Amino acid sequence: MTPRDVTNPASPNLLEDVFDYDGVPKILFDGPIVEVIDGKQVTFDPAERKTRDLVITDTTFRDGQQARRPYTAAQIVELYRMLSRLGGPAGVIRQSEFFLYSRKDREAVDRCLALGLAYPEITGWIRADKGDFKLVKNIGLKETGMLTSSSDYHIYHKMKTDRRAALEKYLAVVEAAIEAGVRPRCHLEDVTRADLDGFVLPFVQHLARIAEQAPEPLRPKVRLCDTMGFGVSYPGAALPRSVPKLVYKIVHEGGIPSERLEWHGHNDFHKAHVNGATCWLYGCDAVNTTLVGYGERTGNPPLEGAVFEYIGLRGNPCGIDTTVLTEIAAYLQDACGMQIPPNQPFLGRNFNTTRAGIHADGLSSDERIYNIFNTEKLLNRSPGIIINDKSGIDGVALWVNHYLGLRGPDRIGKIKLARIGRWIVDQYEKHGRITSISDEEMLDLIREHLPEQLEAARARRTV
Amino acid sequence: MGEQPDVGQTVRRIVSEILERPLEEIQDHHAFVEDLDAESIQSVELMAAFEEAFGIELDEEEAMAVKTVGAAIEFIRRCIREQKP
């Protein structure tokens, strides 16, 4: 063990090359990652992520609608418009997937197409049924996803068929799509529970051969669907659950290039987000997501999480306007009736709010101590405080000064807040209260004990 | 200077009231937290009461660093001298 001694620099080392407060914390790598695949060492270079066209794709209006009450066509149009602004001119949010089966579904697609936005490109979702291509073609979409279930659970027990018959059916539909001028995107349902060598690889090799004969815009894409959330990202994990090895095999043995590969995960084991990001690193360019992670059962990778992961991995915003996320959260709650969990990262009401007095003390002296990044700049949301029995006088001071818009030497000190602090303490100690102090109650206390300061703040228009 | 002899008595009275201790028990060497069980909010209330009683403004950082009754008396005397020469 090399002896180490504490260094004592004249100024603090805040590691700002990684934690630049005005940006998203960077995710840096020291060097290549090595996996053992089929007994051979395979090297993955994380630096490669910056040379590939990594993208986020969206399925808020398909998988996302399978987990909540449907959006109206007008709501879809508004959300689609905001997704476009969020993803920026480079189209980081590259595609959005839509149902096509109902009149409302098709109306939403029509209205979104009519906006003429470059991104997200609108794609469809259909069953692997030749007849369904009419829907796609008639509405004018260039790409559609289709179910091509890959595990024996689905092939034998759900579809009541066998592998050979399933393969022939899938390939026939793929050929029909190309013939109709629509790019097929094969959704390999349940791929993390499938026989890779006995079915998945033979199928995607067929797709690769078909692609060789097709013009680029029609070459089949492959979506790896971790339908039950079984995928794991750990280095050294074995197939069929290893996400890195699955991606590698599909690219290198299946012949599907990174740019035609997409990951669609589920969150049954709390791994949806990390598995998606892992795919980016190991050779899959697109990660499929939904707003707030709403999706079948436990949901999909949350789009907002993918946005920040993307920026962290890329090292710059790439044209993404993260402040749109706050508009989206407000719209989902106010217009769509969605109840976003208060602690939902980036979107929840309390995601950058503290209740603990000791954290409030840190926040009030330097918000970088307990705020992940400059949330005011990146999300139009400054850090907040909720007052309860744990807040202490430091929390009260932070709330009051934040509300009145007072900073630095203008802040009201704790001594001047003693009466407000006493009232709050008594709520819990004398009256047995178990709920937080509401904003309205805090405002009443300010009116009573700090009327001049409130008036001054109103004059400054900071409240 | 005429008010200075009352500072000690006033401080001890305020400490007695806010910390709910008999006045005769309050000693100058008593530490607010360790000996008199002052809670966080009570420490702030003490400082607020001192400001009101003596008509002075206390520097928050300095005030919160005061640990004993005797130190509080000295600190307040100094503030009175500085603010009411």
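**Burial, a helix pair and an interface**

Modeller: This is a predicted model. Buried residues make up 44% of the 463 residues in chain A.

Colleague: What makes a residue buried?

Modeller: Neighbours. A residue is buried if 20 or more other C-beta atoms lie within 10 Å of its own. In chain A, 44% of the 463 residues pass that test.

Colleague: Which secondary structure elements are there in chain A?

Modeller: Chain A has 16 helices and 12 strands.

Colleague: Take α5(A) and α6(A). Why is α5(A) called roughly parallel to α6(A)?

Modeller: The axes of α5 (residues 163-179) and α6 (residues 196-213) of chain A cross at roughly 25° and come within 11 Å. Angles under 35 degrees count as roughly parallel, so α5(A) is roughly parallel to α6(A). The crossing of these two helices, α5(A) and α6(A), is right-handed.

Colleague: Which residues meet there, in α5(A) and α6(A)?

Modeller: From α5(A), Arg163(A), Leu167(A), Tyr170(A), Leu171(A) and Val174(A). They meet Phe199(A), Phe203(A), His206(A), Leu207(A) and Ile210(A) in α6(A). The residues of this contact divide into eight nonpolar, one polar and one charged.

Colleague: How do you know that chain B touches chain A?

Modeller: Contact means C-beta atoms within 7 Å. By that test, 10 residues of chain B are in contact with nine residues of chain A. On the chain B side, α2 (40-54) and α3 (60-65) each supply at least two residues. α2(B) gives the most, with seven residues. The residues of that side of chain B divide into six nonpolar, one polar and three charged.

Terms used. Residues are numbered from 1 along each chain as its sequence is written. Chains are lettered from A and ligands numbered from 1 in the order in which they are written. This is a predicted model: local features need pLDDT of at least 70, side-chain atom pairs count only at pLDDT 80 or more; totals for chains, interfaces and linings use all residues. Two residues are in contact if their C-beta atoms, placed from the backbone, lie within 7 Å. Helices (H or I, at least four residues) and strands (E, at least two) are DSSP runs, numbered from the N terminus. Ala, Val, Leu, Ile, Met, Phe, Trp, Tyr, Cys and Pro count as nonpolar, Asp, Glu, Lys and Arg as charged, and the others, Gly among them, as polar. Axes are lines fitted to C-alpha atoms, for helices over the stretch in contact, and angles run from 0 to 180 degrees between N-to-C directions. Angles under 35 degrees count as roughly parallel, over 145 as roughly antiparallel, 65 to 115 as roughly perpendicular and the rest as oblique. A crossing is left-handed if the near helix is turned anticlockwise from the far one by less than a right angle, and right-handed if clockwise. A residue is buried if 20 or more other C-beta atoms lie within 10 Å of its own, exposed if 12 or fewer, and partly exposed in between; C-beta atoms are placed from the backbone.
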